[in-house]
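Please keep the sequence and the model in view while reading.

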Amino acid sequence: MNSPDLPVKAEFKKASPFTKIKYMKKLIAGLIASVTLLAGTAAQAVDGVTAKQLLIGQSITLEDGKNDYGVAVLAGVQTYLKTANARGGVNGRQIVLKTLDDDNKNAKAESNARQLVEQDKVFALFGSIEGGPSVAVMKAANELKVPFFGPMAGSPTLRRPYQPLVFPVRAEHREEFFALISHAKSLGIRKIAFVRSDSETGEQHLANVRLICQRLGMTLVADLPFKSDIADAQLDNMVTQLEQTGAQMVFNHGGAGVYEKLIRKAKAKAMPTAFYAVNSASAQLVKRLGDLSHGMVFTQVVPSPWERKSAITREYQTEFARFMPGQEFSYGSLEGYLTAKALVAALKLAGPNPTRESFVTALEGASLDLNGLRASYDSSNHQGLAFVDISMVTRESKFRH
């Protein structure tokens, strides 16, 4: 049916130029309205995407508020998302985060991920911590074909074999191991020991440590695996192994509580062994050890959150003080802030009408500028950041970079 004020084909030929221009304008306006409606309908058809918001799902280890690191990470994430939303969000959409506590349990993490995707209809999964829960979320993401952005864990399983739907931001533990062993070598140390979980992931870490030792001409004199229910007698056996093998330096993967007990037992025997550690729960470990932590060497996967040497730290300090007044700066909140900043940059690349496919495609070959740090991804390697720094605990129980 023709609109009463638009000429039919025969009449159009006879119409004046003015009438023809008027007709064309109405036709173009109608086409624009149709395209807009179709685009809006397409956006509505994508889980987690509406005209006004992007819904992101997060399963994270909070342990009902008792996990200090998880709480700090979440505060950092919330800070950057508030910052981004105050600036208009992503292409006019506000970023909404749906967070579930996995209680540091792998089964719960996977269940959370499935709920977030299948019931809550989130656009993407994001920001788990701890290796086990993060790998469990990855499993669900792969099965449900949903992107998993920014797992804050260093597990090799998140990267190898290549995971096309998983986009870590922080450096992996392998890079931390290399930094720790290289630092020890620079001090003349040659014999090292490795404390790690007695698990498939722990075995993968051990393989990486062996390769690094071979490359650097170091000797791994003690492999010290442990289960979560390790008894005091087993810890005593570990201390004996350190003594008998002459290990000059020992470092860990995970298990901060177990590592703390081992350090206390070794220090009680006045052993000269140097204790190093990866970033995981570093601030919490130093707090619990007190004076016994002085002189310990840690790797960190973000710059110092207290010093203002880097642009990203200065940005973080300003926004965190604004949105989380009274809360202390920390490695956890800076990592959360940085990872959320990367998420927003990635979402912008997905375009004005994002789909999960456009999100993943846009990240292949992307290099995200995080105010001085750069996270890189390509079609065969989702490295994220390569940043690893060495920090030492001072006599004031502060981290010096």
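How do the residues of the lining of the largest cavity divide into nonpolar, polar and charged? They divide into 3 nonpolar, 4 polar and 1 charged. The model is a predicted one.

**Cavities**

- Rolling a probe the size of a water molecule over the atoms shows where empty space is left.
- The structure has 2 cavities of 30 Å³ or more.
- The largest cavity holds about 40 Å³ of space.
- Its lining is made up of Leu158, Arg159, Tyr162, Gln163, Val166, Asn381, His382 and Gln383.
- The volume of the second largest cavity is about 30 Å³.
- Around the second largest cavity lie Val169, Arg170, Val301, Val302, Glu335, Leu338, Thr339 and Leu385, which line it.
- The lining of the second largest cavity counts 5 nonpolar, 1 polar and 2 charged residues.

**Largest pocket**

- The largest pocket contains about 1400 Å³ of space.
- It is lined by 49 residues, and those closest to its centre are Asn104, Glu130, Gly254, Gly255 and Ala256.
- Two or more lining residues come from each of α3 (68-86), α5 (131-144), α7 (200-216), α9 (256-268) and α10 (282-289).
- By class, the lining of the largest pocket has 16 nonpolar, 22 polar and 11 charged residues.

**Second largest pocket**

- In the second largest pocket there is about 690 Å³ of space.
- Its lining has 26 residues, with Ala283, Trp306, Glu328, Phe329 and Ser330 nearest the centre.
- The elements giving two or more residues to this lining are α3, α10 and α12 (331-349).
- The lining of the second largest pocket divides into 12 nonpolar, 10 polar and 4 charged residues.

**Helix α5**

- Helix α5 is among the elements that give two or more residues to the lining of the largest pocket.
- The buried residues in α5 are Pro133, Ser134, Ala136, Val137, Met138, Ala140 and Ala141.
- An α-helix has 3.6 residues a turn, so residues three or four places apart point the same way.
- The cover over the buried residues of α5 includes β1 (53-60), α4 (106-118), β3 (124-126), β4 (148-149) and β5 (166-167).
- After α5 comes Lys145, which has a positive phi, near 60°.

**Arg264**

- Arg264 is located in helix α9, and α9 also gives two or more residues to the lining of the largest pocket.
- Apart from neighbours within four places in sequence, Arg264 has contacts with Arg288, Leu289 and Leu292.
- With Arg288, the side chain of Arg264 reaches the backbone oxygen at 2.6 Å.
- Leu292 is 28 residues from Arg264 along the chain, and their C-alpha atoms are 7.6 Å apart.

Terms used: Residues are numbered from 1 along each chain as its sequence is written. This is a predicted model: local features need pLDDT of at least 70, side-chain atom pairs count only at pLDDT 80 or more; totals for chains, interfaces and linings use all residues. Side-chain values use heavy atoms; hydrogens and water are left out. On a 1 Å grid over the protein atoms alone, a cavity is a set of points where a 1.4 Å probe fits but cannot get out, and a pocket is an open set with protein on both sides within 12 Å along at least five of seven lines; lining residues have an atom within 4 Å of a point. Grid points are joined across faces, edges and corners, and a volume is the space filled by probe spheres set on the points. Ala, Val, Leu, Ile, Met, Phe, Trp, Tyr, Cys and Pro count as nonpolar, Asp, Glu, Lys and Arg as charged, and the others, Gly among them, as polar. Helices (H or I, at least four residues) and strands (E, at least two) are DSSP runs, numbered from the N terminus. Buried means under 20% relative accessible area, exposed over 50%, partly exposed in between (1.4 Å probe, protein chains only). Contact means heavy atoms within 4.5 Å. A polar contact is a pair of N or O atoms within 3.5 Å; within protein, one must be able to donate a hydrogen and the other to accept it, and residues adjacent in sequence count only if both atoms are side-chain atoms.
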